[in-house]
Each structure stands twice: as C-alpha cells, then as structure tokens.
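Dear colleague,

Please find the structure below, handed over for your own work. My notes on what was found in it follow.

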Amino acid sequence: MYRAALATAAVIIAALYLTPSATPYSPYNTGPDGLSKTAEICQIRDEADTIIIAPGASIPTLNISASTAQIVDLLINGGDPHQPIAKANGYPVVAANATPLTGPGRAIAYTSPISFVNNTQGPFTLGLAVEKGGKTLYIYHASLFTNRVFEKNKNFIRDVCLRPVKIVIPRGDPSHHFHELAAHVEKKWLVPLLLAAIGLYLVHRRQTWQLRRKT
C-alpha cells in the first residue's frame, strides 16, 4: 500500500513536470495563448516594477484590473479584428484577444480610436504607468506578450524585459501551480527529487510485473 502511494505520487509529480500548463497567459503554457516564449527572455520575479496582467485578473493594491470583454478593431489589426494593433512605448504591437485595462495611471499602450468593445468606442488602454511609493510601476496587458504574437512584438518585449517582470493571472491549472512552486525551489534539489520520484515509479512497475508473472 505504501509503495503504491509512492508510485502514484511519483506519476503525478512526473506528469506535472513534463506537461505544459494549459492555462491561458501562463508562463508555463507553450501554446499560442501562453507566455512561455516571453518567460524565456524575461526574469520572472514576484517583486518587480513591471507587471503583466491577464484578462480577469486584478492588482488590488493599485486598483487596476483587466476586463474580460474583447477589443475589436475592424481596420487597424494584425489580420484579425480580434488582434488590434496598438501603440506601446513607441512600438506598433499586435494585441491578440486584448481586453481593456482599467484603473488609474498614465496610458503608455493603447489601441486605435476606431477600436471598440460592445458599444463603447476606443482607444482602450493596454499599458499604464503608475506612480507609487516614489517609484514608477509599469502595467501591461498580457495579450502583448503571448506566443501567438511573440515574433511580431519581439522588439517591444525585449525592451520591457530589460527589467524583471511579474505575471498575474486570475487562476491556474495544477501544472501551472506545480511549475510555479518548482520555480521557487533550488534547481539543485528539484532534479534529484524528480529523478527519485520517477525511480520509485519504475521500481513499483517492475515489482508489479514480476508478481504478475509468478501468478
């Protein structure tokens, strides 16, 4: 029973480690809506002056949130009305499935005046500079950093990633949370633990197979 429990735990750990997250805007999601490519060139930290926020998430201390209502731009887009082209730090950028940022601050990224959400006309804010505690915090919408638009926005993303960034999403799947936890564990311990878990699983499988042969 004890070995079976260890084997089950080993399978779960190995699966979580080897399976990319399916959570939209997760830095561990390798799909089109993930931020894995951005995470490869950025320093991801919990304490950072630059924050990337996903739709449905909020930053209560700054009273900033990202809506879930998508922005549409029929003319100024990247080949799809749900991929409006915005201006951000002097760069033209594609914002796939973007939603408005709401809250105080100076707009540093925004869509065109002809973009709209439902019956509301743009421009809509996708980036804010907020003064707090004697320093400037930069808040950007996650749609500017997804794998889908990474190549088109690479220069902008590299510029943003000159500083450490924090990524805020409203929720995550088990794989996201596992990788997030693993990121806080020293790598010198993580690999041995994973190898030990996989080893326990293989030993259990071998013993089970031998028992079946005897019967």
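**Second largest pocket**

The lining of the second largest pocket comprises 5 nonpolar, 1 polar and 6 charged residues; Ala, Val, Leu, Ile, Met, Phe, Trp, Tyr, Cys and Pro count as nonpolar, Asp, Glu, Lys and Arg as charged, and the others, Gly among them, as polar. This is a predicted model, in which local features need pLDDT of at least 70 and side-chain atom pairs count only at pLDDT 80 or more, while totals for chains, interfaces and linings use all residues. Residues are numbered from 1 along each chain as its sequence is written, and side-chain values use heavy atoms, with hydrogens and water left out.

The lining residues are D46, E47, A48, D49, I51, T61, L62, K132, K135, L137, K166 and V168. Two or more of them come from each of β11 (135-141) and β12 (165-168). The space in this pocket is about 200 Å³. A pocket is, on a 1 Å grid over the protein atoms alone, an open set of points where a 1.4 Å probe fits, with protein on both sides within 12 Å along at least five of seven lines; lining residues have an atom within 4 Å of a point. Grid points are joined across faces, edges and corners, and a volume is the space filled by probe spheres set on the points.

**Sheet**

Seven strands form an open sheet of mixed pairing, in the order β5-β4-β7-β10-β11-β1-β12. Strands are DSSP runs of E with at least two residues, and helices runs of H or I with at least four, numbered from the N terminus; two strands pair if DSSP finds at least two bridges between them. Because β5 and β12 stand at the edges with a single partner strand each, one side of each has no neighbour in the sheet. Strand β4 (residues 85-88) runs antiparallel to β5 and is joined to it by 4 bridges. K87 has P92 in β5 as its bridge partner.

**Aromatic pairs**

There are 4 aromatic pairs (ring centres of Phe, Tyr or Trp, the last by its six-membered ring, within 6.5 Å; planes over 60 degrees apart count as edge-to-face). Y91 and F156 are edge-to-face, at 6.2 Å centre to centre and 65° between the planes. Y91 lies in strand β5 (residues 91-94) and F156 in helix α3 (residues 154-160), so this pair ties together parts 65 residues apart in sequence. F156 is buried at 1% relative accessible area, whereas Y91 is partly exposed at 27% (buried is under 20%, exposed over 50%, partly exposed in between; 1.4 Å probe, protein chains only). Y140 and F145 are also edge-to-face, at 6.0 Å and 70°. Ring pairs link Y91, Y140, F145 and F156 into a cluster.

With kind regards

How values were computed: Phe/Tyr/Trp six-rings, centres within 6.5 Å; stacked < 30°, edge-to-face > 60°.
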